[in-house]
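Please keep the sequence and the 3D view at hand while working through the points.

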Amino acid sequence: MLGPSEIAVIAFPGIEFTGDIVPALAQLVDSSTISIVDALLVRKEATGAASYTEIDELGLNDDASRLAGVIDRIEGLLSDDDVTELAASLEPGSSAAIMVFEHTWVKSLRNAIGAAGGTLLESIRRPGAVVDEVLSTMRASETDTN
């Protein structure tokens, strides 16, 4: 049984994946913090036309091989409609990695909650940039009132 899962869209300038994020992803997977259960790369040409490639279809270059090595494949979690919707916000001439990852760190907590008769009703995620903006606004208003 999978733990809570999330879709992350990570945009990059240009249309070539360099693999620079793979070591950080591998560290998270190796520490059992997350499992990457599906992933693909999207390219949006300067004309605005978008295309996507499953990780296992990228070929055998080093970057693709390293990325494929940290993915625990479960097919069908990202539909064509999902990819089209997620790619719509990409700037022309850019690319993105779209990943579905499982929060494996929460599995033992999930099991303990169930064993205690509890139910996780909701889990809300806020992007770090949004939290930073709220905190900055709060600090500014505190400074204004002092």
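In which sense do S2 and strand S3 (residues 50-54) pair, and over how many bridges? In this predicted model, S2 and S3 pair in the antiparallel sense, and 5 bridges are found between them.

**Confidence**
- The average pLDDT of the chain is 85, and 92% of the residues score at least 70.
- Among the elements of the chain, the highest mean pLDDT (91) belongs to helix H4 (residues 107-115), whereas helix H2 (residues 62-68) has the lowest, at 70.
- Where pLDDT is low, the predicted coordinates should not be read in detail.

- Strand S2 spans residues 35-44, and because 9 of its 10 residues are buried, the strand is largely enclosed by the rest of the structure.
- S2 and S3 form a hairpin in which 5 residues lie between the two strands, and Gly48 in the turn has a positive phi of about 100°.

**Ser95**
- Ser95 belongs to strand S4, which covers residues 94-102, and it counts as buried because its relative accessible area is 6%, under the 20% cut-off.
- The side chain of Ser95 reaches the backbone oxygen of Gly14 at 3.0 Å.
- Leaving aside neighbours within four places in sequence, Ser95 is in contact with several residues, including Ile10, Phe12, Gly14, Val42, Arg43 and Leu90.

Terms used:
Residues numbered from 1 in each chain as written. Predicted model: local features only at pLDDT ≥ 70, side-chain atom pairs only at ≥ 80, totals over all residues. Heavy atoms only, no water. Helix = DSSP H or I, 4+ residues; strand = E, 2+ residues; numbered from the N terminus. Buried < 20%, exposed > 50% of the residue type's maximum accessible area, 1.4 Å probe, protein only. Polar contact = N/O pair within 3.5 Å; in protein donor to acceptor, adjacent residues only side chain to side chain. Contact = heavy atoms within 4.5 Å. pLDDT = per-residue confidence, 0-100. Pairing = 2+ DSSP bridges.
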